[in-house]
Amino acid sequence: MSSQDILSTLDKGLQVITYLSIINRPISIGELSKEMNINKSTMFRVLKTLQKRGFVFQQDNGDYSLRVEEFNIIVDRFDQNEALQRILRSELEKLSKQCAETVTLSVLVDEKVECIDKIDSHESVHVTHIIGRYSPLHAAASGKVVLAFIPQPKIDTIINGKELEKFTDSTIVSVRILEKELIEIKKNGFAVSHGELDLGISAVAAPIFSKTGKIIGSVSILGISQKFTEEIINDFAKKVLDASSKMSLLLK
């Protein structure tokens with residue numbers, strides 16, 4: 001890797017995180033700047049950025065230290081995702097064989113869904129997806145079906161009073177239209193999307209619930225829009241609903 005491939009400021013931020021973890025004590029900007037040979041103004045900006053993102057906190061006397069809770073949250077999230085992958089993988093594999101299209105498993109993370117597992121279609125022409133990709137809750141079947149089952153006060157917080165990002169001409173950017181669709185999704189139990197996030201890609205998704213009945217994610221079938229006729233969508237809806245029901249049972 002050449003030095004041209006490295007972002008200098010990001011590299012300094014990661015160095016600071018590493019150093020703070022090693023010394024394991026609060027430290028002033030001046031001392032940290034001297035110890036790491038980074039000028040004070042740059043160190044100030046690095047620390048303020050890390051503080052904004054929750055990785056460090058400033059004590060009453062001005063010293064800085066790592067915010068361990070943030071790292072615990074990250075570790076717990078990875079552990080949770082690995083557990084979900086392990087528990088739900090068999091049902092994802094069954095769904096993949098039933099529909100011969102790409103299938104994905106996504107989890108709710110803050111106000112987005114993250115793809116944590118997938119199985120690509122074996123068809124010569126097929127849609128793929130990236131594990132680790134985040135998708136908005138308003139612009140794809142995997143997100144909309146999760147949004148529909150979030151408690152109403154949280155839905156209001158997510159979609160009201162802010163502009164919904166437009167990704168394609170098919171993206172729903174009207175809060176009124178989105179609210180009507182969420183009612184239908186909750187009534188039917190599944191969501192459908194046609195090119196709302198990525199052009200030419202359609203999907204059918206169903207919700208996954210925890211043992212307490214809380215929405216935690218979704219399972220989806222996605223493919224090229226031309227193949228998603230009304231008949232195919234109805235068939236996929238039955239299959240994805242069956243898969244999501246079995247997945248939710250596995251989590252109880």
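User: Leucine 7: buried or exposed?
Analyst: Leucine 7 is exposed, because its relative accessibility is 60% and the cut-off for exposed is over 50%. Keep in mind that this is a predicted model.

User: Where does leucine 7 sit?
Analyst: Leucine 7 is in the segment before helix H1, which covers 8-23.

User: Which residues form a nonpolar patch on the surface with Leu7?
Analyst: Leu10 and Leu14 do. Together the three have about 320 Å² of accessible area.

User: Let's zoom out. How many helices and strands does the chain have?
Analyst: Eight helices and eight strands.

User: What does the C-alpha trace span along its principal axes?
Analyst: About 70 × 40 × 40 Å. The chain has 252 residues, and 43% of them count as buried.

User: And what about the accessible surface of the chain?
Analyst: The total is about 14300 Å². Carbon and sulfur atoms account for 53% of that.

User: What share of the contacts join residues at least 24 apart?
Analyst: The figure is 55%, counted among contacts between residues at least 6 apart in sequence.

User: Now charges. How many positive and negative side chains are there?
Analyst: There are 32 positive and 33 negative ones. The centres of the two sets lie 3 Å apart.

User: How many salt bridges does that give us?
Analyst: The count is 12 salt bridges. One of them pairs arginine 133 with aspartate 198. Their closest N and O atoms are 3.0 Å apart.

User: Which parts does that pair tie together?
Analyst: Arginine 133 is in the loop between strands E4 (112-119) and E5 (134-136). Aspartate 198 is in the loop between strands E6 (191-194) and E7 (201-209). So the bridge ties together parts 65 residues apart in sequence.

User: How exposed is arginine 133?
Analyst: Arginine 133 counts as partly exposed, at 27% relative accessibility. Aspartate 198 is also partly exposed, at 27%.

User: Which residue does glutamate 196 meet in a salt bridge?
Analyst: Lysine 144, with an N to O distance of 2.8 Å. Glutamate 196 lies in the loop between E6 and E7, and lysine 144 in helix H5 (residues 141-148), so this pair ties together parts 52 residues apart in sequence.

User: Are those two buried or exposed?
Analyst: Both glutamate 196 and lysine 144 are buried. That puts each of them under 20% relative accessible area.

User: What about lysine 166 and aspartate 169?
Analyst: Their side chains meet in a salt bridge too, at 3.7 Å from N to O. Lysine 166 is exposed at 52% relative accessibility. Aspartate 169 is exposed as well, with a relative accessible area of 73%.

User: Which residues are linked in a network of salt bridges?
Analyst: Arg89, Glu93 and Asp117 are linked that way.

User: Switching topic. Where is asparagine 160?
Analyst: Asparagine 160 is in the loop between helix H6 (152-159) and helix H7 (175-188). Its relative accessible area is 33%, so asparagine 160 is partly exposed.

User: What does asparagine 160 touch?
Analyst: Leaving out residues up to four places away in sequence, asparagine 160 touches Ile155, Val175 and Glu179.

User: What separates asparagine 160 from glycine 30?
Analyst: Their C-alpha atoms are separated by 44 Å. Along the chain, the two residues are 130 residues apart.

Technical notes
Residues are numbered from 1 along each chain as its sequence is written. This is a predicted model: local features need pLDDT of at least 70, side-chain atom pairs count only at pLDDT 80 or more; totals for chains, interfaces and linings use all residues. Side-chain values use heavy atoms; hydrogens and water are left out. Patches are made of residues with over 30% relative accessible area and no salt bridge: like charges are joined within 9 Å, nonpolar side chains (Val, Leu, Ile, Met, Phe, Trp, Tyr) within 5 Å. Accessible areas come from the Shrake-Rupley method with a 1.4 Å probe; for residues, only the protein chains shown count as cover. A salt bridge is a side-chain nitrogen of Lys or Arg within 4 Å of a carboxyl oxygen of Asp or Glu. Helices (H or I, at least four residues) and strands (E, at least two) are DSSP runs, numbered from the N terminus. Buried means under 20% relative accessible area, exposed over 50%, partly exposed in between (1.4 Å probe, protein chains only). Contact means heavy atoms within 4.5 Å. Lys and Arg count as positive and Asp and Glu as negative; His and the chain ends are not counted. The place of a charge is taken as NZ of Lys, CZ of Arg, CG of Asp or CD of Glu.
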